[in-house]
Structure formats: structure tokens, C-alpha cells
Amino acid sequence: MSNTKVLPLLEPEVAGTVAPCCPPLTERPLTVEEAERTAAMFKALGDPVRLRLFSLVASHEGGEACVCDISDVGVSQPTVSHHLKKLKEAGLLSSERRGTWVYYRVEPSMVATMGQMLGTIG
């Protein structure tokens, strides 16, 4: 008797598509769920160290950055790891371990969603 569980396969995301989080703010009021998801994204970026780390990853050559290249932000390595974890939990970054290093990438669909949401204000 096996203790393994078969999990369903998910369809891969099509490149260039944006999984909509929320409508533009001028289109209609956000639902409770949309507001909670959006607040989590902006809360993650509301810390200056996290915003700087996010910017370092986003602007890094090739669209991804090794943690070893972005850890000099004026806080200890454990604090950098904590902030990167919070950015991942908010869906703003993804990561991949390669040997002893972890590489981070900005989730383009999340950035596009935030831009779409805020783009109509003004």
C-alpha cells in the first residue's frame, strides 16, 4: 500500500498573458477579496528594503538576480532573506535554487496587473 497522492497537472501560463488580480480602480469598486490581494502586494512593497530588493531584481541584467548579487542593501543576510520571502509570499517574486545560490525573478504578470490597476488614475 502506497502513501503517495496523485496531484492534478496545471496548465502552464501562456507567455504574455496577465492573470487579472483586480480591475482598474476607476472601473468599479474592488471586492473584499480583490482588496485583500492588492493590499498584500502593496504592503510587501511598502517597506523601503523590500522595495529596493524588488528594484534590484527587476533591473538586474537578464531579468533575474542571484541573492549573492542583491544582498548588499544595508541589512543582515537573514533580514534580506526575510524580505525576499515576504516578496515571494505576495506573489511579486519567484525563485529557483541553482546549486548553493537562489536566483530571483520578478513575476511579470503581477507587475502588469499593478500597472493596469493604477494606470487609469489621473
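Predicted model: local features only at pLDDT ≥ 70, side-chain atom pairs only at ≥ 80, totals over all residues.
**Exercise 1. The overall plan**

Task: State how many helices and strands the protein has, and in which pattern they follow along the sequence.

Solution: 
- Count the elements. The protein has 5 helices and 3 strands.
- Now read along the sequence. The pattern is α-α-β-α-α-β-β-α.
- Of the 122 residues, 30% are buried.
- Finish with the contacts. Take those between residues at least 6 apart in sequence. Of these, 56% join residues at least 24 apart.

**Exercise 2. Helix 2**

Task: Compare the reach of helix 2 with the expected value, and find how its buried residues are arranged around the axis.

Solution: 
- Start with the length. Helix 2 covers residues 48-59, which is 12 residues.
- From first C-alpha to last, helix 2 reaches 16 Å, close to the 16 Å expected at 1.5 Å a residue.
- List the buried residues. They are V49, R50, L53, F54 and V57.
- Look down the axis. The buried residues of helix 2 fall within an arc of 135°, so they line one face of the helix.
- Turn to the other side. There, P48 and S59 are exposed.

**Exercise 3. Helix 4**

Solution: 
- Helix 4 has 13 residues. Its reach from first C-alpha to last is 18 Å, close to the expected 18 Å.
- The buried residues of helix 4 are V80, H83, L84 and L87.
- Seen down the axis, these fall within an arc of 100°, so they line one face of helix 4.
- The face turned away from the buried side carries P78 and E89, both exposed.
- Look past the end of the helix. G91 follows helix 4 and has a positive phi, near 85°.

**Exercise 4. Helix 2 against helix 4**

Task: Describe how helix 2 and helix 4 cross, and sort the residues of their contact.

Solution: 
- Recall the tools. Two packed helices are described by the angle between their axes and the distance between the axes.
- Apply them. The axes of helix 2 and helix 4 come within 10 Å and cross at roughly 75°.
- Angles of 65 to 115 degrees count as roughly perpendicular. Helix 2 and helix 4 are therefore roughly perpendicular to each other.
- Name the partners. Helix 2 gives V49, R50, L53 and F54, and helix 4 gives V80, H82, H83, L84, K86 and L87.
- Sort them. The contact has 6 nonpolar, 2 polar and 2 charged residues.

**Exercise 5. Helix 1 against helix 5**

Task: Repeat the analysis for helix 1 and helix 5.

Solution: 
- Helix 1 spans residues 32-45, and helix 5 spans residues 108-119.
- Their axes come within 12 Å and cross at roughly 105°.
- That makes helix 1 roughly perpendicular to helix 5.
- T38, M41, F42 and L45 of helix 1 meet M110, M114, M117 and L118 of helix 5.
- These divide into 7 nonpolar, 1 polar and no charged residues.

Notes: Residues numbered from 1 in each chain as written. Heavy atoms only, no water. Axes fitted to C-alpha atoms, helices over the stretch in contact; angles between N-to-C directions. Helix = DSSP H or I, 4+ residues; strand = E, 2+ residues; numbered from the N terminus. Parallel < 35°, antiparallel > 145°, perpendicular 65-115°, else oblique. Contact = heavy atoms within 4.5 Å. Nonpolar A, V, L, I, M, F, W, Y, C, P; charged D, E, K, R; others polar. Expected span 1.5 Å × (residues − 1). Buried < 20%, exposed > 50% of the residue type's maximum accessible area, 1.4 Å probe, protein only. Arc of directions from axis to C-beta.
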